[in-house]
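Thanks for coming. I have one structure to go through today, and I will take it contact by contact.

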Amino acid sequence: MTRLPLILLFVATIAFALATLFSARYLRLRRNDDGFWASFCAFSGYVAFTLGGLVRVALAGFFPYGSFADALLVLVWVLSTAYMALELHWGLKGTGVFLFPVLALASGYALTLPVHAGAALPILRNPWVVVHVSLVLSSYAAFGLAGLMGALYLMQERQLKAKRLSFMHFSLPDLAMLSQLNETLITIGFPLLTIGIVFGSYWASRVWGSYLPNDPKLVWAILNWCFYAIYLLVRSCRGIGGRKKALVTLAGFLAIVVNYFGTSFLLHGLHRFF
Amino acid sequence: MHLFLVGLNYKTAPVEVREALAIPAGESGRFAKQLVAAARLREAVVLSTCNRTEVYAAADDADALSRIAAVLANTAGRSAFAGNTLYTATDAHVANHLYGVAAGLDSLVVGEPQILGQVRNAYAEAHAAGTTGLYMGQLLRSAVEVGKRIRTETNVGAGAASISYAAVELARKIFGALDGKTALLVGAGEMAELAARNLKAHGVGRVHVANRTFARAETLAAEFAGEAHSLDALGTLLGKVDICITSTGAPEPIVHPDMVRRQLRERRGKPLFIIDIAVPRNVDPAVHRLDGVFVYNIDDLQAVVESNLALRRGEALEAAKIVAAETARFSRWLREQEAVPLVVELRSRAQQQVAVELERVTRRRPQMSAEDKATVQAALESLANKLLHAQIVGLRTAAGQDAAALESAARLLGLSLPQNSHAHSSATGTAGGSQGRRD
């Protein structure tokens with residue numbers, strides 16, 4: 001029974017890797033078969049991943065976020081849930097081409113990490129933390145998908161600017177849709193991040209006695225927040241061109257990735273519980 | 001039974017010949033009927049479009065081919081066609097050709113979609129005229145299916161094949177649906193008017209017209225129920241509209257990067273699609289480099305069409321694989337039909353035996369009630385069918401393989417092979433006309 005989550009995680013890794021290949025092939029050749037298999041593999045991966053997560057929670061008996069592996073898995077799950085919803089709702093095909101390799105790498109990497117290390121630090125067993133972690137991770141998922149839409153926008157825009165249209169031009173969604181999804185996702189992600197930080201700092205004030213403890217992850221998060229705040233301000237005041245919007249959201253997401261991994265491994269601070 | 005194709009198309013016949021043989025819509029059924037009578041055919045379907053006239057037919061003898069050609073020559077008002085005007089095919093090759101035609105692989109514009117509907121209509125008209133049967137039914141219905149399959153499984157019909165549609169398609173990849181988008185016509189040329197009409201047909205809402213002579217702008221704007229402007233308003237208009245079509249006779253570009261850049265702020269990130277159909281160009285090419293602004297001139301659109309057609313030709317190779325696979329399937333079906341008369345013979349032989357046995361039982365047990373008699377008959381028939389099943393399947397499989405296999409299977413079952421089957425077609429080609437009225 002303890003091996004079951006690992007097996008499911010392994011299946012998910014393979015499925016996401018296959019979904020990557022099929023998506024890339026779909027975008028390049030625009031064959032319906034490839035599009036179908038991309039969606040099928042991604043969905044199977046998602047189901048396996050979810051089941052693995054549920055078994056893991058059942059085994060551990062609590063919401064898993066205590067180890068880096070667990071936090072990563074939660075992020076992957078939120079990200080894939082959001083993407084699946086997006087794909088189903090908009091009838092997208094092959095658009096997960098940049099997301100699926102990330103999901104495959106993340107779930108593959110999580111396979112190599114110890115499962116129960118630091119699982120039950122008492123300091124983390126607090127509903128405030130659960131809410132804080134869920135909100136922040138959800139906002140990261142939204143920003144991640146916005147970055148994905150930005151990348152796809154740049155690909156489609158490149159085709160239109162170069163005036164040399166390949167099948168990719170036909171298989172990618174139109175600029176208006178990519179731009180709109182990008183905007184919507186940022187609009188959703190920003191309040192999530194804001195509330196997530198507020199919850200986190202309230203909890204910090206109870207544990208460490210300060211609303212803004214000196215912690216590199218927090219500093220990065222505040223910088224991220226400022227980045228998106230400025231972006232939203234500019235967007236609503238004077239509008240931002242499609243390419244700039246795509247580049248900015250892509251850069252914003254990269255900054256989050258740096259925060260997520262960098263501060264966990266390179267810098268030491270209060271968020272390094274494990 | 002033999003299948004035939006006799007036809008000519010834009011590759012083999014000049015337009016005068018095609019015209020002479022063009023059967024108007026609604027007439028092809030009648031022509032098929034004439035053909036059946038004049039060329040002594042079993043079934044016939046006539047497919048006639050502006051690019052081709054083709055006769056698909058089923059007949060008992062191999063000579064039907066020359067009879068069809070003669071009728072066509074007669075219809076075209078000439079004694080005979082030049083050497084390679086007509087192309088012909090027989091049996092499974094007929095399916096091979098028609099599948100390619102239905103998928104648009106044989107069309108002037110590769111992958112064009114109209115031909116599929118024309119194939120469907122040709123069959124419907126022939127069907128209504130009563131010139132279709134088992135063979136034409138199977139051939140034409142499968143052709144429509146193959147055409148559909150190729151359109152969904154390959155990209156042979158992808159990408160616009162004409163300049164005006166290429167513009168619409170590009171607009172869709174920039175804006176998504178065009179409903180409610182606004183267009184601006186700069187200059188009042190005929191080409192621009194046509195392009196605007198096309199966009200309007202695809203959902204574009206309001207149309208603005210800007211022209212050097214305001215009166216001309218007004219008349220054109222009235223046609224689209226749009227707004228007329230003088231050319232001075234061009235700058236401000238570029239800040240509002242989504243699609244702009246320029247076609248003035250100005251010797252120098254009238255839309256400059258600075259002019260558009262000033263409007264970008266007004267546009268708040270909304271994309272702008274400029275179609276420049278003027279020669280010399282009305283729009284400075286540097287405008288295309290601005291964020292969210294896409295400028296396509298007439299050469300660009302032509303290049304898009306060319307590249308789309310090149311993509312389609314590449315996909316045609318993929319489609320040809322499907323055609324080959326489907327042709328093999330049709331070929332097997334066609335050979336299996338050779339087993340049909342044998343199966344009929346087998347069945348009637350069994351029915352005779354059932355009748356004989358039933359007769360004997362009734363004679364021995366005359367007191368049997370009608371109900372009992374029915375039970376016995378049902379049992380006998382059921383037994384016969386069960387015994388026959390394996391033999392029928394065996395016959396079909398053998399027929400699907402080749403003529404030799406069918407022949408040995410028939411010999412094993414003590415059945416006589418009909419004279420005009422494929423096994424003997426070359427030997428008895430001319431003698432088969434009066435035989436084989438079985439289907």
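This is a predicted model: local features need pLDDT of at least 70, side-chain atom pairs count only at pLDDT 80 or more; totals for chains, interfaces and linings use all residues.

Residues are numbered from 1 along each chain as its sequence is written, chains are lettered from A and ligands numbered from 1 in the order in which they are written, and side-chain values use heavy atoms, with hydrogens and water left out.

The interface, then. Chain A puts 30 residues into the contact and chain B puts in 32; contact here means heavy atoms within 4.5 Å. About 2500 Å² is buried between chain A and chain B, with 49% of that from carbon and sulfur atoms. Buried area is the accessible area, with a 1.4 Å probe, that two parts lose on being put together, summed over both.

Three salt bridges are counted between chain A and chain B. The rule asks for a side-chain nitrogen of Lys or Arg within 4 Å of a carboxyl oxygen of Asp or Glu. A salt bridge joins A:Lys163 to B:Asp300, with the closest N and O atoms 2.5 Å apart. Polar contacts across the interface of chain A and chain B come to 21 residue pairs, both residues at pLDDT 80 or more. A polar contact is a pair of N or O atoms within 3.5 Å; within protein, one must be able to donate a hydrogen and the other to accept it, and residues adjacent in sequence count only if both atoms are side-chain atoms.

Which elements of chain A give two or more residues to the side that touches chain B? They are α5 (127-162), α6 (167-171), α7 (175-207), α8 (216-238) and α9 (242-265) of chain A. Helices (H or I, at least four residues) and strands (E, at least two) are DSSP runs, numbered from the N terminus. The most comes from α5(A), with five residues. By type, the side of chain A that touches chain B has 11 nonpolar, nine polar and 10 charged residues. Ala, Val, Leu, Ile, Met, Phe, Trp, Tyr, Cys and Pro count as nonpolar, Asp, Glu, Lys and Arg as charged, and the others, Gly among them, as polar.

Next, the cores. The largest nonpolar core has 101 residues, and A:Met149, B:Leu185, B:Ile243, B:Phe273 and B:Tyr296 have the most contacts inside it. The largest share of this core is from α5(A), with 15 residues. A nonpolar core is a set of buried Ala, Val, Leu, Ile, Met, Phe, Trp, Tyr and Cys residues joined through side-chain atoms within 4.5 Å. Buried means under 20% relative accessible area, exposed over 50%, and partly exposed in between (1.4 Å probe, protein chains only). Not counting residues up to four places away in sequence, B:Leu185 touches several residues, among them B:Ala192, B:Val207, B:Leu220 and B:Ile245. There is a second, separate core of 39 residues, including B:Leu5 and B:Leu334.

B:Glu223 and B:Arg197 form one at 2.8 Å, N to O. B:Glu223 lies in helix α9 (residues 214-223) of chain B and B:Arg197 in helix α8 (residues 190-201) of chain B, so the pair ties together parts 26 residues apart in sequence. B:Glu223 is partly exposed at 47% relative accessibility, and B:Arg197 is partly exposed at 37%.

B:Arg329 pairs with B:Glu326 at 3.8 Å, N to O. Both lie in helix α12 (residues 298-336) of chain B, three residues apart, about one turn of the helix.

Last, two single residues. B:Asn282 sits in the loop between β9 (272-276) and β10 (293-297) of chain B, and is buried, at 0% relative accessible area. A polar atom of its side chain lies 2.7 Å from the backbone nitrogen of B:Thr248. A:Thr2 is in the segment before α1 (4-29) of chain A and is exposed, at 60% relative accessibility. A:Thr2 and A:Leu59 are 57 residues apart in sequence, with their C-alpha atoms 7.6 Å apart.
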